[in-house]
Amino acid sequence: MESRKRFLVEARAIARLHHPNVVTVFRAGEIDERPYFVSEYVPGRPLSALWVSEVMLQQTRVGSVGPYFERFIARFPDVHALAVASIDEVLGAWSGLGYYRRARALHEAANQIVVRFGGRVPSSLPDLLSLAGVGPYTASAIASIAFGVPAAVVDGNVSRVVARLFDIRTPINDGKTKAEIARHASRLLDEAAPGAFNEAMMDLGAVVCTPRAPSCLMCPASAWCAAFHGGRQESLPVTPARRVVPRVEYAAFVAACEGRLLLARRRSRGLFGGMWEPIMLMGEASDAKRSAVVRGLAAPRWLDRGAVEHVLTHRVLEVRVFAASLRHATTPSIEHLPSDYEATAWCTQGEAATRGLSVLARKVITCAAGTRQVDRRRLPVHERDGS
Ligand code: SF4
């Protein structure tokens, strides 16, 4: 027990020393002492700020989350404000952070919290797990840190630390390996201080037990780390071979008229669900769908502005960008658009910024304006300017 307490103190101290921002985002509400999202269960705890930061931290690095977190909680200072906001407002505040289904789930969960829990973030694991977008990781983090529930958090950082501590040599994405890591994490957990323990483990993984070149000589767990003693810390955890990520072609049509852009909103399910963007079609830019869209917009001339690339975890999108100035702000009827879209609107630049625009949509708009370097060699001759 004594060594575990020392580990807690040392792991957090080392993490803070080397990367103070690691804990700043994680506990931003607490540090700021703002009066929002305060739970009656644990007075003074910025519970929903913790919830928002945990959801943002899913699949996103701490360093990227900070500004978005600040902006988001400034815009939606409590659960009620988030619940009554429109999904466009929520996606607008989330815009640029990626994985937009998290924002939609957060909005849905805020409504669930208002309706089912009187606006207070629940404290039990089953209630937390019943909220939209809250999985075992987020539920355990909130329950342990805010309510002292003895639930071990297992994220990518913790998995790596545990795999090394216990010299686990099976692939880390294997179901049995995950169960073994979860068992070890639960056994290690300090039930008297589960939140502090979980934060220590996550901080340790983020700044000391890093994927490459872990700092074993300064690690508070080195005395009982099996991988370190066996000299295998660099080769663990065992990760599966990288898959070849497929490339998918799109064509984007950026129509402008008197200072406004035509944007379309994607349906809520699927890639970039609920986000606004210039009309994009999957597949070759010269197919029949493109012809229908181009006819519907009645542009006198489409300029090929080049291509942008957007890398997602499971595919790479290669988007050819076409731009046109329309004489009239005509809107193609929704039946002529791909079934991915549910609405269209002409927006000024300011209006577009307040709607949820994905990073890809921003890249496409920038490319259409001609301010982005494009790879024109990849485009067939007949698709170049004015064709
Ligand atoms: S000793 Fe090295 S490998 Fe083991 S937990 Fe610490 S940093 Fe990670």
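Modeller: An axis is a line fitted to C-alpha atoms, for helices over the stretch in contact, and angles run from 0 to 180 degrees between N-to-C directions. Residues are numbered from 1 along each chain as its sequence is written. Local features are given only at pLDDT of at least 70 and side-chain atom pairs only at 80 or more, while totals for chains, interfaces and linings use all residues, and this is a predicted model.

Colleague: How many helices and strands are there in the protein chain?

Modeller: Helices (H or I, at least four residues) and strands (E, at least two) are DSSP runs, numbered from the N terminus. Of the 387 residues in the protein chain, 40% are buried, meaning that 20 or more other C-beta atoms lie within 10 Å of their own, whereas 12 or fewer is exposed and in between is partly exposed, with C-beta atoms placed from the backbone. Counted as such runs, the elements of the protein chain are 17 helices and seven strands.

Colleague: Which element of the protein chain has the highest mean pLDDT?

Modeller: The pLDDT is the predictor's confidence in each residue, from 0 to 100, and the protein chain averages 78, with 79% of the residues scoring at least 70. Under 50 lie residues 15-46 and residues 372-387. Where pLDDT is low, the predicted coordinates should not be read in detail. Among the elements, helix 3 (residues 28-32) has the lowest mean, 32, and the highest, 95, belongs to helix 9 (residues 125-129).

Colleague: At what angle do the axes of helix 10 and helix 13 cross?

Modeller: In the model, Ala 141, Ser 144 and Ile 145 of helix 10 meet Pro 194, Gly 195, Asn 198 and Glu 199 of helix 13, where a contact needs C-beta atoms, placed from the backbone, within 7 Å. The axes of helix 10 (residues 136-147) and helix 13 come within 7 Å and cross at roughly 130°. Helix 10 is therefore oblique to helix 13, since under 35 degrees counts as roughly parallel, over 145 as roughly antiparallel, 65 to 115 as roughly perpendicular and the rest as oblique. The angle asked for is roughly 130°.

Colleague: Which residues of helix 12 meet helix 11?

Modeller: The axes of helix 11 and helix 12 (residues 175-188) come within 10 Å and cross at roughly 85°, so these two helices are roughly perpendicular to each other. From helix 11, the residues in the contact are Val 158, Ser 159, Val 162 and Ala 163, and from helix 12 they are Ile 181, His 184 and Ala 185.

Colleague: Is Thr 138 buried or exposed?

Modeller: Thr 138 belongs to helix 10, and in contacts beyond four places in sequence Thr 138 touches Glu 54, Val 55 and Gln 58. Its C-alpha atom is separated by 9.7 Å from that of Ser 53, which is 85 residues apart along the chain. Because 23 other C-beta atoms lie within 10 Å, Thr 138 is buried.

Colleague: Which peptide bond is cis, with omega near -5°?

Modeller: Most residues other than glycine have a negative phi, and most peptide bonds are trans. Asp 167, in the loop between helix 11 and helix 12, has a positive phi near 55°. Pro 237 lies in the loop between helix 14 and strand 1 (247-257). The cis bond runs from Leu 236 to Pro 237.

Conventions:
Contact = placed C-beta atoms within 7 Å.
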